[in-house]
Amino acid sequence: MSDTILSIRNLIIRRGYFILNDVSLDIHERELFAVIGKTGAGKTMLLEASAGFCKPDHGQVLYRGTPVRDIPLHKRNIGYLYQDYNLFPHMTAAGNIGYSLKMRHVPNSEIQSMVQEIARLFEVDGVLDQYPGTLSGGEQQRVALARALLMKPPLLLLDEPFTALDPVTKHRMYGMFRTIRDKFSCAVLFVTHDFAEAQALADRIGVLVGGSLRGVVSSDQLYLADWDRDVRMFLGLDAMRRRC
(Lines give C-alpha, C1' and ligand atoms only; values in the text may rest on other atoms or scores of the structure.)
Protein backbone atom coordinates (compact mmCIF):
# COMPACT_ATOMS: atom_id res chain seq x y z
CA MET A 1 0.00 0.00 0.00
CA SER A 2 1.16 3.50 -0.78
CA ASP A 3 0.48 4.65 2.80
CA THR A 4 2.73 2.02 4.37
CA ILE A 5 5.25 3.59 6.73
CA LEU A 6 6.86 0.39 8.10
CA SER A 7 7.12 -2.85 6.16
CA ILE A 8 8.55 -5.97 7.78
CA ARG A 9 9.27 -8.77 5.35
CA ASN A 10 10.12 -12.40 6.26
CA LEU A 11 12.02 -11.25 9.34
CA ILE A 12 14.07 -13.87 11.16
CA ILE A 13 16.22 -13.04 14.21
CA ARG A 14 17.99 -15.69 16.28
CA ARG A 15 19.02 -15.03 19.88
CA GLY A 16 20.34 -18.15 21.59
CA TYR A 17 17.57 -20.76 21.52
CA PHE A 18 14.90 -18.19 20.62
CA ILE A 19 13.86 -17.38 17.05
CA LEU A 20 11.68 -14.54 15.87
CA ASN A 21 10.45 -16.58 12.97
CA ASP A 22 9.50 -15.27 9.51
CA VAL A 23 7.47 -12.24 10.60
CA SER A 24 5.84 -10.11 7.89
CA LEU A 25 3.83 -7.04 8.79
CA ASP A 26 2.83 -3.62 7.41
CA ILE A 27 2.10 -0.55 9.51
CA HIS A 28 0.28 2.29 7.78
CA GLU A 29 0.62 6.04 8.18
CA ARG A 30 -1.17 7.32 11.32
CA GLU A 31 -2.22 3.80 12.32
CA LEU A 32 -2.35 2.63 15.92
CA PHE A 33 -1.11 -0.95 15.84
CA ALA A 34 -0.71 -3.28 18.82
CA VAL A 35 1.26 -6.52 19.04
CA ILE A 36 0.15 -8.74 21.92
CA GLY A 37 2.03 -11.71 23.31
CA LYS A 38 3.30 -13.33 26.48
CA THR A 39 6.59 -12.37 28.10
CA GLY A 40 9.30 -13.95 25.96
CA ALA A 41 7.18 -14.06 22.80
CA GLY A 42 9.57 -11.73 20.96
CA LYS A 43 7.66 -8.44 21.26
CA THR A 44 10.61 -6.27 22.28
CA MET A 45 12.85 -7.94 19.69
CA LEU A 46 10.29 -7.02 17.02
CA LEU A 47 10.27 -3.40 18.22
CA GLU A 48 14.07 -3.20 18.25
CA ALA A 49 14.22 -4.60 14.72
CA SER A 50 11.60 -2.04 13.64
CA ALA A 51 13.83 0.73 14.98
CA GLY A 52 16.89 -0.74 13.26
CA PHE A 53 18.64 -1.49 16.55
CA CYS A 54 19.37 -5.13 15.71
CA LYS A 55 20.48 -6.82 12.51
CA PRO A 56 18.14 -9.52 11.17
CA ASP A 57 19.46 -12.95 10.26
CA HIS A 58 17.07 -12.90 7.33
CA GLY A 59 14.47 -10.58 5.81
CA GLN A 60 14.29 -6.82 6.03
CA VAL A 61 12.61 -3.86 7.67
CA LEU A 62 11.70 -0.98 5.38
CA TYR A 63 10.99 2.46 6.79
CA ARG A 64 9.15 4.46 4.15
CA GLY A 65 10.56 2.14 1.51
CA THR A 66 14.21 2.27 2.66
CA PRO A 67 15.95 -0.45 4.71
CA VAL A 68 15.91 1.07 8.18
CA ARG A 69 19.49 0.03 8.95
CA ASP A 70 20.68 1.88 5.84
CA ILE A 71 19.42 5.14 7.35
CA PRO A 72 21.91 6.77 9.77
CA LEU A 73 20.57 6.61 13.32
CA HIS A 74 20.36 10.40 13.69
CA LYS A 75 18.31 10.64 10.46
CA ARG A 76 15.73 7.92 11.13
CA ASN A 77 13.48 10.12 13.28
CA ILE A 78 11.72 7.18 14.90
CA GLY A 79 10.44 7.75 18.43
CA TYR A 80 11.13 4.91 20.89
CA LEU A 81 9.77 4.61 24.41
CA TYR A 82 11.41 1.89 26.48
CA GLN A 83 9.45 -0.10 29.04
CA ASP A 84 11.45 1.45 31.90
CA TYR A 85 11.42 4.86 30.11
CA ASN A 86 15.27 4.95 30.08
CA LEU A 87 15.49 8.53 31.36
CA PHE A 88 18.94 9.88 32.15
CA PRO A 89 19.03 10.04 35.98
CA HIS A 90 21.64 12.83 36.07
CA MET A 91 19.54 15.14 33.86
CA THR A 92 16.45 17.14 34.81
CA ALA A 93 13.17 16.46 33.06
CA ALA A 94 13.91 19.43 30.79
CA GLY A 95 17.36 18.06 29.99
CA ASN A 96 15.90 14.68 29.14
CA ILE A 97 13.21 16.10 26.87
CA GLY A 98 15.60 18.39 25.01
CA TYR A 99 18.49 15.92 24.74
CA SER A 100 18.01 15.17 21.02
CA LEU A 101 17.99 18.89 20.19
CA LYS A 102 21.17 19.44 22.19
CA MET A 103 22.89 16.64 20.24
CA ARG A 104 21.90 18.47 17.06
CA HIS A 105 23.47 21.70 18.40
CA VAL A 106 20.17 23.59 18.35
CA PRO A 107 20.52 26.97 20.11
CA ASN A 108 19.60 26.86 23.81
CA SER A 109 16.86 29.46 23.46
CA GLU A 110 15.15 27.34 20.81
CA ILE A 111 15.55 24.19 22.90
CA GLN A 112 13.95 25.88 25.91
CA SER A 113 11.01 27.10 23.82
CA MET A 114 10.35 23.69 22.24
CA VAL A 115 10.73 21.86 25.57
CA GLN A 116 8.29 24.23 27.28
CA GLU A 117 5.75 23.80 24.50
CA ILE A 118 5.73 20.00 24.52
CA ALA A 119 5.96 19.85 28.33
CA ARG A 120 2.72 21.84 28.56
CA LEU A 121 1.05 19.40 26.17
CA PHE A 122 2.05 16.43 28.34
CA GLU A 123 1.35 18.32 31.59
CA VAL A 124 4.91 18.10 32.92
CA ASP A 125 5.81 21.79 32.63
CA GLY A 126 5.69 22.02 36.43
CA VAL A 127 8.41 19.39 36.96
CA LEU A 128 10.97 20.42 34.34
CA ASP A 129 13.59 21.27 37.00
CA GLN A 130 13.20 17.92 38.77
CA TYR A 131 15.24 14.76 38.26
CA PRO A 132 13.66 11.44 37.19
CA GLY A 133 14.12 9.87 40.62
CA THR A 134 11.79 12.44 42.17
CA LEU A 135 9.00 11.96 39.62
CA SER A 136 5.99 9.65 39.83
CA GLY A 137 5.63 6.81 37.34
CA GLY A 138 3.09 8.77 35.33
CA GLU A 139 5.32 11.84 35.25
CA GLN A 140 8.30 9.78 34.14
CA GLN A 141 6.25 8.27 31.33
CA ARG A 142 5.02 11.66 30.14
CA VAL A 143 8.55 13.06 30.20
CA ALA A 144 9.74 10.06 28.17
CA LEU A 145 6.87 10.51 25.71
CA ALA A 146 7.68 14.20 25.35
CA ARG A 147 11.29 13.31 24.63
CA ALA A 148 10.28 10.66 22.06
CA LEU A 149 7.88 13.03 20.28
CA LEU A 150 9.82 16.28 20.43
CA MET A 151 11.17 15.84 16.88
CA LYS A 152 7.66 14.94 15.61
CA PRO A 153 8.63 11.46 14.37
CA PRO A 154 6.38 9.84 11.74
CA LEU A 155 6.65 6.55 13.69
CA LEU A 156 6.49 5.99 17.44
CA LEU A 157 7.46 2.62 18.99
CA LEU A 158 6.31 1.83 22.53
CA ASP A 159 7.44 -1.13 24.65
CA GLU A 160 4.76 -2.11 27.21
CA PRO A 161 4.04 1.60 27.80
CA PHE A 162 1.52 1.23 30.64
CA THR A 163 2.77 -1.80 32.59
CA ALA A 164 4.38 0.14 35.45
CA LEU A 165 1.46 2.50 36.07
CA ASP A 166 -1.22 2.24 38.71
CA PRO A 167 -4.80 1.76 37.39
CA VAL A 168 -5.87 5.40 37.81
CA THR A 169 -2.77 6.80 36.10
CA LYS A 170 -2.99 4.11 33.41
CA HIS A 171 -6.51 5.09 32.37
CA ARG A 172 -5.58 8.77 32.42
CA MET A 173 -2.69 7.98 30.08
CA TYR A 174 -5.03 6.04 27.78
CA GLY A 175 -6.82 9.31 27.08
CA MET A 176 -3.56 11.12 26.36
CA PHE A 177 -2.36 8.25 24.17
CA ARG A 178 -5.39 8.60 21.91
CA THR A 179 -4.49 12.23 21.17
CA ILE A 180 -0.92 11.47 20.08
CA ARG A 181 -1.84 10.36 16.57
CA ASP A 182 -3.99 13.44 15.98
CA LYS A 183 -1.56 15.99 17.40
CA PHE A 184 1.62 14.50 15.94
CA SER A 185 0.22 12.77 12.81
CA CYS A 186 2.33 9.71 13.52
CA ALA A 187 1.86 5.97 13.32
CA VAL A 188 2.18 4.11 16.62
CA LEU A 189 3.35 0.53 17.07
CA PHE A 190 3.12 -0.69 20.65
CA VAL A 191 3.55 -4.07 22.29
CA THR A 192 1.62 -5.27 25.29
CA HIS A 193 0.37 -8.42 27.04
CA ASP A 194 -2.89 -6.69 27.98
CA PHE A 195 -5.69 -7.74 25.61
CA ALA A 196 -8.16 -5.09 26.83
CA GLU A 197 -5.55 -2.37 26.42
CA ALA A 198 -4.82 -3.43 22.86
CA GLN A 199 -8.51 -3.55 21.96
CA ALA A 200 -9.21 -0.16 23.52
CA LEU A 201 -6.36 1.69 21.83
CA ALA A 202 -5.40 -0.02 18.56
CA ASP A 203 -6.88 -0.01 15.09
CA ARG A 204 -5.38 -3.44 14.38
CA ILE A 205 -3.80 -6.13 16.53
CA GLY A 206 -1.15 -8.72 15.72
CA VAL A 207 -0.78 -11.82 17.91
CA LEU A 208 2.76 -13.06 18.56
CA VAL A 209 3.13 -16.56 20.01
CA GLY A 210 6.53 -18.20 20.50
CA GLY A 211 8.25 -15.86 18.06
CA SER A 212 5.67 -16.40 15.32
CA LEU A 213 3.11 -13.81 14.19
CA ARG A 214 -0.06 -15.91 14.05
CA GLY A 215 -2.27 -13.28 12.45
CA VAL A 216 -3.44 -9.67 12.28
CA VAL A 217 -7.05 -8.57 12.84
CA SER A 218 -8.99 -5.39 13.43
CA SER A 219 -9.31 -4.76 17.14
CA ASP A 220 -13.02 -5.61 17.21
CA GLN A 221 -12.29 -9.05 15.75
CA LEU A 222 -9.73 -10.15 18.34
CA TYR A 223 -12.07 -12.64 20.03
CA LEU A 224 -14.06 -13.49 16.89
CA ALA A 225 -11.34 -14.48 14.40
CA ASP A 226 -10.63 -18.11 13.48
CA TRP A 227 -7.39 -18.55 15.46
CA ASP A 228 -5.24 -21.66 15.79
CA ARG A 229 -5.13 -23.66 19.02
CA ASP A 230 -2.11 -21.81 20.48
CA VAL A 231 -3.74 -18.41 20.06
CA ARG A 232 -7.06 -19.65 21.44
CA MET A 233 -5.23 -20.86 24.54
CA PHE A 234 -3.32 -17.58 24.83
CA LEU A 235 -6.53 -15.56 24.58
CA GLY A 236 -8.45 -17.94 26.87
CA LEU A 237 -11.10 -18.53 24.22
CA ASP A 238 -11.58 -22.24 24.90
CA ALA A 239 -12.02 -21.58 28.62
CA MET A 240 -14.60 -18.86 27.83
CA ARG A 241 -16.57 -21.23 25.63
CA ARG A 242 -16.55 -23.94 28.28
CA ARG A 243 -17.96 -21.46 30.84
CA CYS A 244 -20.67 -20.46 28.37
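Is Arg9 buried, exposed or partly exposed, and at what relative accessibility? Arg9 has a relative accessibility of 31% and therefore counts as partly exposed (buried is under 20% relative accessible area, exposed over 50%, partly exposed in between, with a 1.4 Å probe and protein chains only).

The model is predicted; local features need pLDDT of at least 70 and side-chain atom pairs pLDDT 80 or more, whereas totals for chains, interfaces and linings use all residues. Residues are numbered from 1 along each chain as its sequence is written, and side-chain values use heavy atoms, without hydrogens and water.

Nine salt bridges are found in the whole structure (a side-chain nitrogen of Lys or Arg within 4 Å of a carboxyl oxygen of Asp or Glu). One of them joins Asp26 and Arg9, with an N to O distance of 2.8 Å. Asp26 belongs to strand S2 (residues 18-28) and Arg9 to strand S1 (residues 4-15), so the pair ties together parts 17 residues apart in sequence (strands are DSSP runs of E, at least two residues, and helices runs of H or I, at least four, numbered from the N terminus).

Ser185, which follows H7, has a positive phi near 50 degrees.

Arg172 forms a salt bridge with Glu123 (2.3 Å, N to O). Glu123 lies in the loop between H5 and H6 and Arg172 in helix H7, 49 residues apart.
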